[in-house]
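Please read these notes alongside the structure.

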Amino acid sequence: MDKWEVARTLEEIARYVELSEPNRFKALAFEKAARAIAALDRDPADLIASGDLQKMPGIGKTTASVVEEVVRTGRSRYLEELRKQYPPGIFDLLRVPRLGLKKIGLLHDKLGISSLDELEAACRAGRLTTLRGFGEKTQQKILEGIAYARKRESHFLLPVGIEVGEAIREQLAQIDAIESAEISGSVRRRLEVIRNVNIAVATRDPQRVFKALSKLVADLETIDPNTFKGIARNEIEVYFHMAKPQEFGSTLLRTTGSEEFVHALRERVGDEPAETEEDIFERAGVPYVPPERRENADDLRRKRRRALVKLEDLRGTFHVHTTFSDGRNTVLEMLSAARGRGFQYVGLSDHSKSAFYAGGLSEEGLRQQQAEIARHEHEVMPMRVFRGTEADILADGRIDYGAETLASFDFVIASIHSRFGMSKEEMTERILRALDNPFVTFLGHLTGRLLLSRDGYTIEFDRVFEKAAGRGVMIEINGNPRRLDIDWRLVGRALDRGVRFSIHPDAHSIHEYNALITGTWAARKAGLSPREIFNTKPVDEVATYLEERKTASSKRLKVFD
Ligand SMILES: [Zn+2]
Ligand SMILES: [Zn+2]
């Protein structure tokens, strides 16, 4: 029973309590306890043994008894009770934008609603308006929200596709009748949102493969003699494309897509079968196009092929949170994990004071955070630690700290975390004004989108790109798989205007450094090479750039020449 499992149990209890209790304090107590446990640097069992558990900040009497029970027995009877009170699908309703747990609890208790279908029927019958706090307008908004949630049904974030695909591919390697197998489709093209998983299989005996697959996935069916379809993990469709080994390259290419790209290639070379993809490109007389870059016909015509950035090219990163704001790991843990990844440098950036919901730092909090960094940075030598902030861009475009505080940082990420509903014009002006602040180094998650749950705000991208380039502000490629913001489709336009980029994990825990993997995929998909990405630079260049930028902040500096 590690601390994460205990924290997860507490978090789940908090969610149920929020559904059932009108008073928010009880749920907050469990949330707080979950965070406290997650931030522990020792085993919860040791804390119990030493009697220190109840003395911990964030832990009260009730939460301590839950922690003790979970550590001792591996379960929580309180949680099991709560689970019995609600149907399992109730949290599905969270997919409706702006529908929070409090409202969901009310809908369940007063109207017996526990699924999207029931909610939709109740809206159509006008039953929501009988509840306090639900007007005609809210009901209409919820109906729109249901449509939004439905549209996103059976869409998945890329890492889900990778996980499912890799797990299946490993199992396929054990099957005798299969000579080789590769993930294809949109997962191989690294699209940020996918609908299904495709796997190309080289075999001389499709029927034997079919039999073996029936043990790996549910509901296996034959689409045509060479295509089978099944369901993995109860939710995601997997297509298996059979090919004779000497035709494997053709099948891999065709099922990787995109359709437009494959069509354009076929026009040059016909569809004579090939054993490898490389053979096909060679016959077509064009250089090999990596799968990430196969979206449209232009991707084939591009004459000059650039070396795409790789994960190993990143020598450090920025945008890392710690327990000083809403991160789950301490300064030292985040630094050690960065060092463990072999980075030459890492830039810590907790939230700024307006971000009270994320534990943003006051000037006093900042001093403590910087003292903590100073205490620990020698332990991760020779890695260099840069001090920064993810500062809120306020509604009027000002940055959340004054000039004196901003000047104390090595770098500043400016991000929007509030007032998403502003008009396109207002939002554009807000960002343009922020970019005029000489202390801003990076523009954080450009549109604030959360894939599959929230569209980003709209802005006039070209004006923002122009200004960012002019002010030498780099645009972040936020690698969090829910964000992947800036969208890779916009990168070319920004690049043409002279914008440069930096790949950031927006890590809130040591595991989330993995977002650099997804971030790098997005950068590759956008066609970026290491030259255009700040954190591929070695530490000396980065340090000099940040230093010079602080002194001569409006000048474009030579790091990108
Ligand atoms: Zn942020
Ligand atoms: Zn962040």
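1. How many cavities of 30 Å³ or more does a search of the whole structure find? The search finds 3. A cavity is a set of points, on a 1 Å grid over the protein atoms alone, where a 1.4 Å probe fits but cannot get out; lining residues have an atom within 4 Å of a point. Volume is the space filled by probe spheres set on the points, which are joined across faces, edges and corners.

2. This is a predicted model, in which local features need pLDDT of at least 70 and side-chain atom pairs pLDDT 80 or more, while totals for chains, interfaces and linings use all residues. Residues are numbered from 1 along each chain as its sequence is written.

3. The second largest cavity holds about 80 Å³. Its lining includes Leu406, Phe409, Asp410 and Arg549. Two or more lining residues come from each of β11 (411–415) and α23 (539–551), and α23 gives the most, with 3. Helices (H or I, at least four residues) and strands (E, at least two) are DSSP runs, numbered from the N terminus.

4. An open sheet of 5 strands runs β2-β4-β7-β6-β5, with mixed pairing; two strands pair if DSSP finds at least two bridges between them. β2 (178–184) and β5 (218–224) are at the edges with a single partner strand each, so one side of each has no neighbour in the sheet.

5. Strands β6 (residues 227–232) and β7 (residues 236–243) run antiparallel, joined by 6 bridges. Isoleucine 231 is opposite glutamate 237 in β7.

Definitions and conventions:
Chains lettered and ligands numbered in written order. Heavy atoms only, no water. 1 Å grid on protein atoms, 1.4 Å probe; cavity = no way out; pocket = protein on both sides within 12 Å on 5 of 7 lines; lining within 4 Å.
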